[in-house]
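Morning, everyone. Please bring up the model, and I will walk you through it.

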Amino acid sequence: MNKRVFINTVGCQMNVLDSEMVIADLKRHGYTVVDSAKQADCVLFNTCSIRENAEEKVYSNLGKLKRAKEQHPGKMIGVIGCMAQKDQETVFRRAPFVDLVVGPGQLHTIPELLEKIDRGEGRQMAVSLSRTDGSQLKIARSHETFDPLRDPSMRPTPFQAYLRIQIGCDKFCTYCVVPNTRGPEQGRPPEQILSEARILADQGCREITLLGQTVNSYRYKQDDRQTDLASLLESLHEIDGIDRIKFVTNYPKDMTERLLTTVRDLPKCSPYLHVPVQSGSDEVLKRMKRGYTVADYMEMFERIERILPEASVSSDFIVGFCGETEEDFQKSVGLIERCRFKNSFIFQYSVRPGTTAAKRLEDDVPREVKIRRNNELLEVQDRLAKEDNLKMVGDVVEVLVEGPSKKTLRETSDHAEGRELKGDGHDLVQMIGRTHCDRIVVFDGNRRQAGQFLKIQVDDASCHTLVGRVQTVDVVSIGLPSLT
Ligand code: 5AD
Ligand code: SF4
């Protein structure tokens with residue numbers, strides 16, 4: 001079969017990785033990847049259901065394909081990922097021209113199901129069991145990890161990769177749909193993770209980011225041996241070729257002393273920790289069923305400051321959760337002021353069908369109030385981040401160069417269109433890199449620097465970005481023999 005596939009991906013890093021896997025699988029089944037839905041015989045939407053607006057956007061994008069499907073009935077249209085798992089038959093009802101619905105635990109079935117559709121066997125759906133549909137084991141088995149051979153060409157850069165170490169989540173925060181869409185928490189076997197990391201290193205990957213919904217809760221039990229994230233990091237650290245290891249997203253209660261000292265003692269581990277707090281109010285945290293108080297979070301935060309003083313910490317906040325008063329909200333402002341996160345992702349609460357909050361709590365904060373609190377919190381976060389970034393002016397930081405900045409790509413528009421690069425790669429363009437602490441750095445450089453580690457002298461900063469220039473090499477300091 002020689003078919004052309006286009007995939008549109010929204011949502012978190014898990015989805016980016018899932019799309020990489022699906023494409024690798026489809027390529028092995030003879031598909032080629034194209035850059036637009038128009039050219040494709042098969043269009044896949046890899047979806048997110050964490051907030052309502054993410055879903056509405058997918059339905060609206062799907063609507064745009066209705067005419068194309070009428071004109072080319074053979075074009076196969078699929079909805080995959082979290083929204084597929086959550087909405088199931090509803091996807092077919094809301095968008096009757098969709099041929100395929102596949103949840104995140106069933107992605108391995110896609111090539112076979114597409115073949116069935118192509119043979120005229122009609123619509124196909126593959127979803128996992130819901131959290132109340134049987135025994136724990138049966139439910140867990142119906143959410144399969146899907147990590148076959150990797151396809152480096154699908155990654156944003158060949159020298160960076162995500163590596164899943166855990167699927168699902170068992171925390172059941174009352175607002176969150178993830179435990180339903182991605183199923184029970186399951187750690188992947190360490191041997192599988194390590195062999196995948198070795199493959200990535202052989203493919204030229206220098207930075208891996210370990211993924212899990214609560215990545216630091218990772219556990220894998222085998223006979224009487226238990227592997228946790230710290231011991232996994234120790235093994236991954238041994239792999240030649242891998243220079244940087246990151247892990248996201250962390251759960252505050254599992255940020256142990258042992259994990260932090262491991263990160264401190266292993267130079268390849270990035271001193272960057274994304275640990276969402278969600279709210280600065282104990283009452284709200286309790287209603288969210290986050291399982292910790294503000295004091296617990298602060299204790300963890302101080303542990304990070306003590307063991308990893310140079311670490312950067314980032315967070316997520318939800319504003320306007322059920323019953324959040326102005327006083328509660330001000331406590332979130334206070335927490336940001338105390339912690340001075342490197343950055344925070346701030347979300348307005350969105351009711352998710354099937355969650356405990358949807359069933360038991362009233363979404364009683366008006367939309368305008370949510371918007372105002374969102375803006376206010378973001379303003380505080382950005383002001384403090386800018387202050388902290390400006391303190392780095394004059395420093396020299398080491399970055400892994402990721403590639404041309406968005407500005408360069410917009411101006412030359414060569415990347416998105418898949419055209420040949422202009423010039424010989426030596427032209428001076430704005431490039432982007434990241435520090436070990438996950439700070440974004442822009443500087444003038446050339447495309448051939450992508451994938452290299454470079455020292456950058458910081459000249460300026462905004463809340464999200466450091467601006468600098470490549471540090472010129474001091475001939476004396478690298479010990480070259482004198483020419484005289
Ligand atoms: N409404 C708004 N934000 C949410 N998040 C999760 N569920 C919801 C929801 N129902 C946010 C949390 C989480 C991030 C990935 O998305 O802050 O950490
Ligand atoms: Fe959702 Fe909470 Fe699990 Fe994070 S820890 S994925 S917010 S249920």
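Let me start with residue classes: Ala, Val, Leu, Ile, Met, Phe, Trp, Tyr, Cys and Pro count as nonpolar, Asp, Glu, Lys and Arg as charged, and the others, Gly among them, as polar. By those classes, the shell around ligand 1 holds five nonpolar, three polar and three charged residues.

Now the ground rules. This is a predicted model, in which local features need pLDDT of at least 70, side-chain atom pairs count only at pLDDT 80 or more, and totals for chains, interfaces and linings use all residues. Residues are numbered from 1 along each chain as its sequence is written, chains are lettered from A and ligands numbered from 1 in the order in which they are written, and side-chain values use heavy atoms, with hydrogens and water left out.

The annotation "domain: Radical SAM core" covers residues 155–387. UniProt positions follow the numbering used here, feature names are shortened, and annotations may be inferred rather than shown by experiment.

What is in each span? Helices (H or I, at least four residues) and strands (E, at least two) are DSSP runs, numbered from the N terminus. Residues 3–119 are 47% helix and 20% strand, with end C-alpha atoms 14 Å apart. Residues 155–387 are 41% helix and 18% strand, and there the end C-alpha atoms are 33 Å apart.

Back to ligand 1. Which residues are around it? They are I50, R51, Y175, Q278, D316, I318, F347, Q348, Y349, S350 and R352. To be near a molecule or strand, a residue needs a heavy atom within 4 Å of it.

Polar contacts next. Those are pairs of N or O atoms within 3.5 Å; within protein, one must be able to donate a hydrogen and the other to accept it, and residues adjacent in sequence count only if both atoms are side-chain atoms. An N or O atom in the side chain of D316 is 2.6 Å from an oxygen atom of ligand 1. A polar backbone atom of S350 is 2.8 Å from a nitrogen atom of ligand 1. For Y175, a backbone N or O atom lies 3.0 Å from a nitrogen atom of the ligand. Strands β15 (312–319) and β16 (344–348) are the elements that give two or more residues to this shell.

One shell residue deserves a stop: Q278. Its place is the loop between β14 (272–274) and α12 (282–288). Q278 has phi near 75°, a positive value in a residue other than glycine. Is Q278 buried or exposed? Buried, at 7% relative accessibility. Buried means under 20% relative accessible area, exposed over 50%, partly exposed in between (1.4 Å probe, protein chains only).

D223 also has a positive phi, near 50°. D223 lies in the loop between β11 (219–222) and β12 (225–228). D223 is exposed, at 77%.

On to ligand 2. Its surroundings include C169, C173 and C176. Y175 is there too. This shell has seven nonpolar, two polar and two charged residues.

Last stop: K246, in strand β13 (residues 244–248). K246 is buried, with a relative accessible area of 5%. Its side chain makes a polar contact of 3.0 Å with that of D438. Most peptide bonds are trans.
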